[in-house]
Amino acid sequence: MLDIKLIRNQTAQVQAALGKRGLYDLQPLLDLDDKQREIEKKRSELQAQSNETGKAVGQKIREGADPNGEEVKALREEGNRVKQEIGALEPQERELNAQIEEILLTLPNLPSDSTPVGKSEDENVEVRRWGDELIPSSAGRLPHYEIGEKLGIMSFERSVKIAQSRFVTLIGAGAALERALISFMLARHTHEGYTEILPPILVNSDSMQGSGQLPKFAEDGFKCDRDDLWLTPTAEVPLTNYHRDEVLTDDQLPINYCAYTPCFRREAGSYGRDTRGLIRLHQFNKVEMYKFVHPDSSFAELEALTADAEDILQQLKLPYRVIELCTGDLGFGSAKTYDLEVWLPSAEKYREISSCSNCVDFQGRRANIRFKESGKKGTQYVHTLNGSGLAVGRTMAAILENYQQPDGSVKVPDVLQKYMGTDTIRAT
RNA sequence: GGAGAGGUGGCAGAGUGGUCGAAUGCGCUCGACUUGAAAUCGAGUGUACCGAAAGGUACCGUGGGUUCGAAUCCCACCCUCUCCGCCA
């Protein structure tokens, strides 16, 4: 959520920054804000008057005036009159506040100054590449889902029977590889100072709003209607809301969390795309990293977070590149985002496997997460960052394709062998 | 699912219609004492909104209601805890 004060006082700058993402007209919001403040001012003056009257009644009675006498009665009537005036203003103010809130909740974050300006993903900027020399020749490379089915370690057909399309069932070494990846990633992150969290993966609507999925992206989520609970689309949701409505102290920051969770997404609007394989499923596993940090350090923390995600790919020896998203492709809550894209030989393409974002104070304001700086008055909103470290299914896909061998087997990456108890996956 | 208890400031815990944003204790900050620390003593210490400021307003789980006036009374809802049932 954007700061209404910022919008009010620096309208031109905010308008320009939003303009880089698309078209947003702030004028209706500003008009509502003007009206709201005018009414609030009036109402609070009347309220003061009413408080005075109330006090006067108490005063008189304590001084021995007849509670039913003329003097007190006159004051009561005065009180009633003021109360009526207030009663007329209150619904107006409530309505205005609701409208303002509604607009604020649908405005995306401002892109950072350093974010490249562009309309679509075509204008994203490649920042760096790693592991070019590891890219295998693509001759004879099968797509991961064919490898998986040949090895007997994944089944899409049976998953349709159990659930529907866009689900996978992993079998034997496939299940073990998924589990190995989760363990490996968590071990790496906890070793580097991230505290492991295993949160609820059903979350309420307040949580979905706090991290930015609601109200705008209700279509994308799976919901349990009877309970007002949603299946988490990402661990970012429970992790953000873990500290919702809290006031932290500056010596607690930065807070680093990592979490493994299943993630659930409808993937509405992508019906024709990635219909086969592990790339786009309704349910997938992800290890997420999340930071609550001091505003002064959030952009440096984004570099660190991205490096933490990259380290997983480097340890797995998977070639990848780092993309900085342009303003037109930036996520709703993000001010600056790096995507990590891993090389998929069968497609001869890089595919997104991680997204690392600095949301600055956007989620902090939505979820009301503040911190107190010792020696300073008042509170400030924390800055939050999130990054996949990594999407597990896509990592599995990348391993199967990059590590496949001429005989049809798949070599297990060195760092995973101790988790798998084997160095090769073969058809059984 | 059934029965009961309860939700007050960073924490603990008073407060059952008026001067209560809220006693007291702990914690925290500053000061005094001390070589330093502890202990002790003194002062201070919530958040948000409006306002240039003075100041004003709101907030005692949430939302309504009664009243000139509500933490306190009434209604609804939410949540937590205990016991019973069920259950991995």
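## Two domains

In this predicted model, the C-alpha centres of domain 1 and domain 2 lie 50 Å apart. Domain 1 covers residues 25-104 and domain 2 covers residues 121-425 of chain A, with bounds taken from an automatic or database domain assignment.

Glu 90 belongs to helix H4, residues 70-106; helices (H or I, at least four residues) and strands (E, at least two) are DSSP runs numbered from the N terminus. Its C-alpha atom is separated by 63 Å from that of Tyr 419, which stands 329 residues away along the chain. Glu 90 has a relative accessible area of 35% and is therefore partly exposed. Buried means under 20% relative accessible area, exposed over 50%, and partly exposed in between, with a 1.4 Å probe and protein chains only.

## Helix H5

In helix H5 (residues 144-151), the buried residues are His 144, Tyr 145, Ile 147, Gly 148 and Leu 151. Viewed down the axis of H5, these buried residues fall within an arc of 160°, so they line one face of the helix; the arc is that of the directions from the helix axis to the C-beta atoms. An α-helix has 3.6 residues a turn, so residues three or four places apart point the same way.

The buried residues of H5 pack against strand S2 (154-155), helix H12 (392-402), strand S17 (410-411) and strand S18 (424-425), where contact means heavy atoms within 4.5 Å. Gly 152, with a positive phi near 70°, follows H5.

## Cis peptide bonds

Leu 253 and Pro 254 are joined by a cis peptide bond with omega of about -5°. Pro 254 lies in the loop between strand S8 (247-249) and strand S9 (255-264). Another cis bond runs from Gly 389 to Leu 390, with omega near 5°, and Leu 390 is part of strand S16, residues 383-391.

## Positive phi outside glycine

Asp 245 is not a glycine, yet its phi is positive, at about 60°. This residue sits in the loop between helix H9 (236-241) and S8. Asp 245 is exposed, because its relative accessible area is 51%.

Asn 368 also has a positive phi, near 55°. Its place is the loop between helix H11 (362-366) and strand S14 (370-372). With 23% relative accessibility, Asn 368 counts as partly exposed.

## Basis of the values

Residues are numbered from 1 along each chain as its sequence is written, and chains are lettered from A and ligands numbered from 1 in the order in which they are written. Because the model is predicted, local features need pLDDT of at least 70, side-chain atom pairs count only at pLDDT 80 or more, and totals for chains, interfaces and linings use all residues, while side-chain values use heavy atoms, with hydrogens and water left out.
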